[in-house]
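Here's a quick tour of the fold and a few residues worth a look. Have the viewer open as you read.

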Amino acid sequence: MLKKNMPSQRQGNPESVTNYVPHNMRYHAEILYEGEVSFRMVCCAGDSPFSLATDIRQELRKVKDRLPQIFYVEDVYNKDDITDRFIENFNNGVYNG
């Protein structure tokens, strides 16, 4: 398969932090954490804010000793940066269920 035809090349919001997202889900998030030499990022995805929050919780637990933080959250379908609103709701327990 040619690289240009790979599913990970699906275009998202060209003005966002990520030019493409490697999934077909509605919500996309990036978690930033300390690596051995520099910072690293991990991707989270979900079809709803609740499934995204579940994926984020799992990834945060994996790197809990490396000072992880939610760096960016996007509604891919609406091309909307929802980082501040999502983090506030996440910290207030809206997505616990």
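## Loops, sheet and helices

Lys-79 sits in the loop between β3 and β4, and its phi is near 55 degrees, a positive value in a residue other than glycine. Before going on, some housekeeping: this is a predicted model, where local features need pLDDT of at least 70 and side-chain atom pairs count only at pLDDT 80 or more, while totals for chains, interfaces and linings use all residues. Residues are numbered from 1 along each chain as its sequence is written, and side-chain values use heavy atoms, with hydrogens and water left out.

Now the sheet. Four strands make up an open sheet, ordered β2-β1-β3-β4, with antiparallel pairing. β2 (39-46) and β4 (80-81) are at the edges with a single partner strand each, so one side of each has no neighbour in the sheet. Strands here are DSSP E runs of at least two residues, helices are H or I runs of at least four, and both are numbered from the N terminus; two strands pair if DSSP finds at least two bridges between them. β1 (residues 27-34) is joined to β2 by eight bridges, and the two run antiparallel.

Helix α1 (residues 49-62) lies across β1, β2 and β3 (69-75), at about 150 degrees to β2. Helix α2 (residues 83-91) also packs on the sheet, where α2 touches β3 and β4, and its direction makes about 120 degrees with that of β3. Those angles run from 0 to 180 degrees between N-to-C directions, using lines fitted to C-alpha atoms, for helices over the stretch in contact; contact means heavy atoms within 4.5 Å.

Three residues have computed accessibilities to compare, with buried meaning under 20% relative accessible area, exposed over 50% and partly exposed in between (1.4 Å probe, protein chains only).

| Residue | Relative accessibility | Class |
|---|---|---|
| Leu-67 | 58% | exposed |
| Val-63 | 12% | buried |
| Asp-75 | 5% | buried |

Leu-67 is in the loop between α1 and β3, with a positive phi near 50 degrees, though not a glycine. Val-63 lies in the loop between α1 and β3 too. Leaving aside neighbours within four places in sequence, Val-63 contacts Tyr-33 and Pro-68.

And what does the side chain of Asp-75 make a polar contact with? Asp-75, in strand β3, pairs up with the side chain of Arg-26 at 2.9 Å. A polar contact is a pair of N or O atoms within 3.5 Å; within protein, one must be able to donate a hydrogen and the other to accept it, and residues adjacent in sequence count only if both atoms are side-chain atoms.
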